[in-house]
Amino acid sequence: NDYSASEETLVRDVLYAFQGIDGHLIKYNPSKEEYRIAEVESIKPPARQLALQLCELGYLYRRLDSFVSSNCTFASPHKFTGLIFQSFVSAIKCELTE
């Protein structure tokens, strides 16, 4: 069944989006900083809307990952380089990789 296959793919792609990974139907648009779902007729509008709302977690994951990546080095250009800040960044990094 085409409908169930698209629905299954959509659920899988939402789980990928939670991890900041593009799927088959759901892709991240960096210029608009949002996720987009491919136009597939078999995906009903309520399912599409719910998936986009859930993809907000993927957007937040990407933002946190970017923050950690840019602040993980000791040669960080930011003025916050104290031990508390480094511990905070390290704790976020650990949470993102679990």
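In what follows, a residue is called buried when its relative accessible area is under 20%, exposed when over 50%, and partly exposed in between, using a 1.4 Å probe and protein chains only. The model is predicted, so local features need pLDDT of at least 70 and side-chain atom pairs count only at pLDDT 80 or more, while totals for chains, interfaces and linings use all residues. Residues are numbered from 1 along each chain as its sequence is written, and side-chain values use heavy atoms, with hydrogens and water left out.

Helices (H or I, at least four residues) and strands (E, at least two) are DSSP runs numbered from the N terminus. Strand β1 covers residues 26-29, and its side chains alternate. Strands count as paired if DSSP finds at least two bridges between them; β1 and strand β2 (residues 34-37) are joined by four, in the antiparallel sense. Within this pairing, Ile26 stands opposite Ile37 of β2.

Four residues separate the two strands of the hairpin. In this loop lies Glu33, whose phi is near 50°, a positive value in a residue other than glycine. Glu33 is partly exposed, with a relative accessible area of 42%.

Attention now turns to the aromatic rings. Rings of Phe, Tyr and Trp (its six-membered ring) pair if their centres lie within 6.5 Å; planes under 30 degrees apart count as stacked, over 60 as edge-to-face and the rest as tilted. Two such pairs are found in a search of the whole structure. In one, the ring centres of Tyr28 and Tyr35 are 5.1 Å apart and the planes meet at 65°, so the arrangement is edge-to-face. Tyr28 is buried at 14% relative accessibility, and Tyr35 is buried at 7%. The other pair, Phe67 and Phe85, is also edge-to-face, because the planes lie at 85°, with centres 6.0 Å apart. Phe67 belongs to helix α3 and Phe85 to helix α4 (residues 83-97), so this pair ties together parts 18 residues apart in sequence. Phe67 is partly exposed at 27% relative accessible area, while Phe85 is buried at 18%.

Helix α3 itself spans residues 56-71, and its buried residues are Gly58, Tyr59, Val68 and Asn71.

Key:
Expected span 1.5 Å × (residues − 1).
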